[in-house]
Amino acid sequence: MGIEYRKLTVKELDVFIDMRINQLREEGAAEDIDLKPALKDYYERHMADGTFVSWIALDGDRIIGTSGMSFVEKPPYFGCPNGKMGLLSSMFTANSYRRRGIAKELLAKVVNEAKEHGCGTVQITASDMGVLLYTDFGFRKNGNFMQYKL
C-alpha cells in the first residue's frame with residue numbers, strides 16, 4: 001500500500017497534536033507547560049473558521065507526516081501587496097519515513113492551499129533539519145526575523 005495524502009479532520013486532532021509536540025521536542029523546545037489544551041483549542045477554532053488547514057500523510061491508518069498552514073493578514077507591504085500571508089507550521093515526518101519525499105509533497109499541498117486562499121507570501125521559522133527542504137522548494141532566508149517574548 002502506498003502513502004495516502006488528505007486533509008486533516010477533527011477526528012485526527014489528538015494524534016496530530018501528539019506529533020506536533022514531538023516535533024517541538026525534537027527541535028529542542030523547553031517543555032514547561034501542558035500545551036495540548038491550547039493546541040486543541042487553536043486547531044478546532046481555526047479549522048472551523050477556515051484560517052488553518054493541514055494535509056497529512058498516512059500509511060494505512062497511521063499518520064506518518066503532517067503539515068499546517070495558518071492564514072493571517074497584516075498591512076500590505078511591497079513584498080506582499082495584499083497583506084495575506086500563510087504561516088507554515090507542523091511540518092513533521094515520522095523518523096522511519098524520512099527521506100522519501102513525503103515532506104516535499106505535504107509542503108506542496110499546503111503552499112497550494114495558501115495560493116488558493118489568496119496569500120501573497122508564505123513564511124516559516126525553519127528547523128535546521130528543514131532548511132534544505134525549504135530552500136530546495138524556493139524559500140529564501142530572511143535574516144531579519146526577530147521575536148520579543150511577552
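The model is predicted: local features need pLDDT of at least 70, side-chain atom pairs count only at pLDDT 80 or more, and totals for chains, interfaces and linings use all residues. Residues are numbered from 1 along each chain as its sequence is written, and side-chain values use heavy atoms, with hydrogens and water left out.

**Salt bridges**

- The structure holds 9 salt bridges (a side-chain nitrogen of Lys or Arg within 4 Å of a carboxyl oxygen of Asp or Glu).
- Lys-40 and Asp-14 form one of them, at 3.0 Å from N to O.
- Because Lys-40 belongs to helix α2 (residues 36-48) and Asp-14 to helix α1, this pair ties together parts that are 26 residues apart in sequence; helices are DSSP runs of H or I, at least four residues, and strands runs of E, at least two, numbered from the N terminus.
- Arg-98 pairs with Glu-26 at 2.9 Å, N to O.
- That pair links distant parts of the chain, 72 residues apart: Arg-98 is in the loop between β5 (84-93) and α3 (102-117), and Glu-26 in helix α1.
- Within helix α2, Arg-45 and Asp-41 lie 4 residues apart, about one turn of the helix, and their closest N and O atoms are 3.0 Å apart.
- A network of salt bridges links Glu-4, Arg-6 and Glu-12.

**Accessibility**

- Lys-40 is partly exposed at 31% relative accessible area (buried is under 20%, exposed over 50%, partly exposed in between; 1.4 Å probe, protein chains only).
- Asp-14, at 48%, is partly exposed, as is Arg-98 at 24%.
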